Amino acid sequence: MILGLGSDITDARRIAKVIERHGDRFLLRVFTEIERAKAERRKNRAETYAKRFAAKEACAKALGTGIRRGVWWRDMGVVNMPSGRPTMALTGGARKQLDAITPKGHQAQIDLTITDEGPMSMAFVVISAVPAAKTPRKRAAATPKTKPRRRALRRP
């Protein structure tokens, strides 16, 4: 079941101007350490930051809060799964909000797609609730049972 969805478009030129004007103050306030490390390795770092900024905006919309009610920029971070697929890692207020909207017996799944074309970056986030994986119960050690004997049917 879908719990929330959000999308955002960000202009990389705008992000580049903010970085130029505010530098590390902006980067440290908005991006996680993992996001900053990834962007700083890239040739087009402003575009990399713009994609992640759009993903954070989309995620905040999917959570239903925006950037308020205890949800802050660094509470949401773009991370990649081992396959390379992007997703969001949530901490702090964003994690609390995610837990609050996830029904009992379910776990949240965050699907993220990010792209860019020219100076524009776009992100789309879908938060779904999937049934929690049931852990098999361990059976108590039982004594081996023998099969019951079948009685031979007697004919009259």
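Ser121 counts as buried because its relative accessibility is 1%, and the cut-off for buried is under 20%. The model described here is predicted. Ser121 belongs to strand β5, which covers residues 120–131.

Leaving out residues up to four places away in sequence, Ser121 touches Asp8, Ile9 and Thr10, and also Glu47, Ala50, Lys51 and Ala54. Thr115 and Asp116 complete the list of residues that Ser121 touches under this condition.

## Met76 in strand β2

Met76 is part of strand β2, residues 76–80. With a relative accessibility of 0%, Met76 is classed as buried. The C-alpha atom of Met76 is separated by 4.8 Å from that of Leu90, although the two residues are 14 residues apart along the chain.

Neighbours within four places in sequence are again set aside for the contacts of Met76. Leu90 is one of the contacts, together with Met88, Ala89 and Ala94. Met76 is also in contact with Thr32 and Glu35, with Lys56, Cys59, Ala60 and Leu63, and with Ile67 and Val71.

## Lys56 in helix α4

One of the residues in contact with Met76 is Lys56. Lys56 lies in helix α4, which runs over residues 45–63. Lys56 is buried, because its relative accessible area is 0% and the cut-off is under 20%.

## Aromatic pairs

How many aromatic pairs are there? The count comes to three. One of the pairs is formed by Phe26 and Phe31, with 5.8 Å centre to centre and 80° between the planes. This pair is edge-to-face, because the angle between its planes is over 60 degrees. Phe26 and Phe31 are both buried.

Phe31 also pairs with Tyr49, at 4.7 Å centre to centre and with 50° between the planes, and this pair is tilted. The pair of Phe31 and Tyr49 links distant parts of the chain, as the two residues are 18 residues apart. Phe31 sits in the loop between α2 (24–30) and α3 (33–41), while Tyr49 is in helix α4. Phe31 has a relative accessible area of 0% and is therefore buried. Tyr49 is buried too, with a relative accessible area of 0%. Phe26, Phe31 and Tyr49 form one aromatic cluster.

Notes
Residues numbered from 1 in each chain as written. Predicted model: local features only at pLDDT ≥ 70, side-chain atom pairs only at ≥ 80, totals over all residues. Heavy atoms only, no water. Helix = DSSP H or I, 4+ residues; strand = E, 2+ residues; numbered from the N terminus. Buried < 20%, exposed > 50% of the residue type's maximum accessible area, 1.4 Å probe, protein only. Contact = heavy atoms within 4.5 Å. Phe/Tyr/Trp six-rings, centres within 6.5 Å; stacked < 30°, edge-to-face > 60°.
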